[in-house]
There are 2 protein chains.
Amino acid sequence: MPVGTVGAVKSLTPEDLRTINASIILGNTYHLYLRPGMEVIGAFGGLHRFIGWDRPILTDSGGFQIFSLGKLNKLAEDGAHFQSHLDGSKLTLTPELAVQIQETIGSDIHMVLDECTPYPATREQAESSMRRSMRWAARCRAAKSREELCQFGIVQGGVYPDLRQASARALMDIGFEGYAIGGLSVGEKKSEMIGMIAASTEVLPVDRPRYLMGVGTPLDLIEGVNLGVDMFDCVMPTRNGRNGSLFTSLGRVNIKNQKHRLDPGPLDPACPCYTCKTFSRAYLRHLFVAGELTCLRLFTIHNLTYYIELMAKIRTAIENDTFSTLLSEQRALWQESN
Amino acid sequence: MPVGTVGAVKSLTPEDLRTINASIILGNTYHLYLRPGMEVIGAFGGLHRFIGWDRPILTDSGGFQIFSLGKLNKLAEDGAHFQSHLDGSKLTLTPELAVQIQETIGSDIHMVLDECTPYPATREQAESSMRRSMRWAARCRAAKSREELCQFGIVQGGVYPDLRQASARALMDIGFEGYAIGGLSVGEKKSEMIGMIAASTEVLPVDRPRYLMGVGTPLDLIEGVNLGVDMFDCVMPTRNGRNGSLFTSLGRVNIKNQKHRLDPGPLDPACPCYTCKTFSRAYLRHLFVAGELTCLRLFTIHNLTYYIELMAKIRTAIENDTFSTLLSEQRALWQESN
């Protein structure tokens with residue numbers, strides 16, 4: 001899922017997203033709640049009509065941004081008491097409000113409010129935090145009022161496999177349309193992340209989508225699928241794109257590099273996107289070096305196409321029973337290029 | 001002509017430019033000479049192929065940017081001795097080099113090197129400067145080697161009508177494919193600008209294009225046509241667009257204004273562009289206030305469409321003999337809204 005923080009995937013339009021076959025995008029509740037705010041989104045009958053996007057939208061609960069962007073004043077049983085990073089205004093996000101906001105946004109999939117367990121955390125801290133997240137998950141489920149919208153629970157439990165599995169079971173007892181794995185990619189080792197994904201997917205039901213939040217590199221995606229994950233979101237393709245760091249079938253390309261200065265070839269000869277079909281590396285490099293806005297969109301289009309095509313390839317490989325070959329190829333490509 | 005300073009109209013692609021019916025764009029020789037430089041553009045066989053644009057390109061001579069951006073060390077009979085604003089390197093632009101660079105760029109229309117007479121200037125200063133520009137124009141004509149490319153002379157002469165007419169006649173004696181009016185919109189009164197355009201077009205041949213350089217507002221365009229001008233370029237539609245200042249059939253719109261916060265209507269109900277056909281003022285305002293890149297392109301598309309549609313309307317009105325009605329309407333619209 002491309003990340004469209006405040007109601008736009010940075011530099012792109014809905015038309016661009018349809019062209020690159022994005023089937024769903026992510027919005028950030030924290031950002032949308034602060035700006036444009038619920039009065040505006042409500043007046044338009046939800047985010048889809050406000051932003052002109054008729055395909056699915058998933059929203060997070062806002063909790064993660066309270067921890068990372070806002071000033072958290074108090075984390076209590078009722079909810080998170082924080083100050084807006086925009087104007088310092090004091091706000092409280094409860095599980096019930098998180099659901100209400102997301103139902104006003106009208107996201108096809110909304111997430112329960114959870115506490116993002118810090119890393120590192122002792123077992124006791126991780127368990128206590130996870131238990132609160134599970135109580136909040138139950139309150140979110142009880143607050144859900146729009147039947148037609150999906151709600152996903154979020155597995156927490158730090159880097160403790162048994163806590164992860166206890167969390168997954170607690171969520172399954174409540175019952176959700178899908179299940180996410182949260183609190184990863186926050187500083188833990190890659191092997192710990194892999195372990196936590198495996199512990200979670202071992203328990204989660206196979207007939208419901210599993211969503212690994214905030215992850216990751218192309219290799220993370222295919223490794224995640226290998227462990228049973230279905231959905232991902234990450235700012236990496238869009239943010240890296242704007243920084244001139246591009247994912248290609250030949251590995252990572254830093255477009256600023258002097259060696260592209262006269263290169264008439266495409267950024268990625270295997271890529272079907274507008275950027276690769278239309279422009280030379282030399283021109284793309286020139287635009288980036290000259291600080292031209294045009295290339296931010298071109299690089300975003302390319303990197304998102306790379307991710308979306310990778311996921312399409314993964315689905316095809318699963319259907320054709322060639323997933324393990326694709327996994328080996330991708331491991332070789334990215335382990336050598338990183 | 002939309003301005004594509006360093007080989008891109010800021011935030012747009014060639015596809016965008018075709019969609020909004022741009023039939024010609026302008027490139028800045030000074031910028032292109034410094035970056036990406038002639039080695040790169042030459043390797044691609046010219047700017048068209050480098051940037052992926054198959055319609056006409058006009059380039060200025062570079063002189064104007066030497067005065068406004070570079071550090072001019074010495075203005076002598078041979079040419080302009082200056083330092084790059086990018087790295088301070090010392091360079092000399094002669095009339096011959098200006099032609100050679102533009103022929104390497106391969107612009108369909110290139111401009112002679114001229115001295116931009118400062119404002120204010122005494123009659124003596126303006127005459128002396130204009131005479132040098134005329135000597136440079138003759139050298140540019142002599143240096144022209146690519147038969148298939150057009151070269152335009154540039155009328156100078158400050159705010160002195162007789163100098164303007166002497167300049168126009170001097171250029172006609174040399175003979176060019178078209179004639180530009182330069183050195184305006186540099187601080188003189190609007191009435192002085194109008195007077196200089198009128199003085200110039202009175203003398204310039206009717207069967208050659210007349211190009212008013214670096215002008216201007218929508219009203220300037222139609223007033224210019226009223227005085228016999230055929231072509232314009234200006235950064236106003238693109239730059240103002242990026243600042244949220246939008247030209248519409250209802251006058252100027254500052255999209256940041258609070259009154260658009262909940263407005264579900266289009267930016268301009270009379271505009272056929274993607275921005276106006278797709279989004280509400282409320283969403284466009286939100287994107288701008290949130291600092292989202294997406295709106296820079298949307299506003300650029302809109303403002304350029306406004307300018308291009310205005311010129312199309314002017315051509316139709318001339319054909320239908322209704323130009324004076326259109327002129328009155330436009331004067332009423334813009335005099336009241338400015």
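Predicted model: local features only at pLDDT ≥ 70, side-chain atom pairs only at ≥ 80, totals over all residues.
Reader: Where domain 1 of chain A meets domain 2 of chain A, how many residues on each side are in contact?
Author: Residues are numbered from 1 along each chain as its sequence is written, and chains are lettered from A and ligands numbered from 1 in the order in which they are written. The domain assignment, which is automatic or taken from a database, gives domain 1 of chain A as 14–235 and domain 2 as 239–337. Taking two residues as in contact if their C-beta atoms, placed from the backbone, lie within 7 Å, the residues in contact number 12 in domain 1 of chain A and, in domain 2 of chain A, 15.

Reader: Which helix gives the most to the side of domain 1 of chain A that touches domain 2 of chain A?
Author: By class, this side of domain 1 of chain A has eight nonpolar, three polar and one charged residues, where Ala, Val, Leu, Ile, Met, Phe, Trp, Tyr, Cys and Pro count as nonpolar, Asp, Glu, Lys and Arg as charged, and the others, Gly among them, as polar. Helices (H or I, at least four residues) and strands (E, at least two) are DSSP runs, numbered from the N terminus. With six residues, the helix of chain A that gives the most to the side touching domain 2 of chain A is the one at residues 218–226, helix H10.

Reader: In chain B, how many residues of helix H10 are buried?
Author: A residue is buried if 20 or more other C-beta atoms lie within 10 Å of its own, exposed if 12 or fewer, and partly exposed in between, with C-beta atoms placed from the backbone. The buried residues of H10(B) include B:Leu221, B:Ile222 and B:Val225, and also B:Asp220 and B:Glu223. Helix H10 of chain B is mostly covered, for of its nine residues the number buried is seven.

Reader: Which helix gives the most to the side of chain A that touches chain B?
Author: Between the chains, 31 residues of chain A are in contact with 31 residues of chain B. Helices H3 (38–43), H4 (47–51), H13 (281–289) and H14 (294–319) of chain A each supply at least two residues of this side, and by class the side has 19 nonpolar, seven polar and five charged residues. The helix that gives the most, with five residues, is H13(A).

Reader: Which residues have the most contacts inside the largest nonpolar core?
Author: A nonpolar core is a set of buried Ala, Val, Leu, Ile, Met, Phe, Trp, Tyr and Cys residues joined through C-beta atoms within 7 Å, and the largest one here has 190 residues. In soluble globular proteins, nonpolar side chains tend to be buried together. Leaving aside neighbours within four places in sequence, A:Leu284 is in contact with A:Ile255, A:Leu267, A:Phe279, A:Cys295 and A:Leu298. The residues with the most contacts inside the core are A:Ala180, A:Leu284, B:Ala180 and B:Leu284.

Reader: How far apart in space are A:Leu32 and A:Ile105?
Author: A:Leu32 has its place in helix H2 (residues 29–34) of chain A, and it counts as buried because 29 other C-beta atoms lie within 10 Å. Not counting residues up to four places away in sequence, A:Leu32 touches several residues, among them A:Val6, A:Ile41 and A:Ile105. Although A:Leu32 and A:Ile105 are 73 residues apart in sequence, their separation in space, C-alpha to C-alpha, is 8.5 Å.

Reader: Is A:Asp321, which has a positive phi, buried or exposed?
Author: A:Asp321 lies in the loop between H14 and helix H15 (323–337) of chain A, and its phi is about 60 degrees although it is not a glycine. Because 8 other C-beta atoms lie within 10 Å, A:Asp321 is exposed.

Reader: What ipTM does the predictor give the complex?
Author: For chain A, the average pLDDT is 97, and 99% of the residues score at least 70. For the complex, the predictor gives a pTM of 0.97 and an ipTM of 0.97.

Note on methods
pLDDT = per-residue confidence, 0-100.
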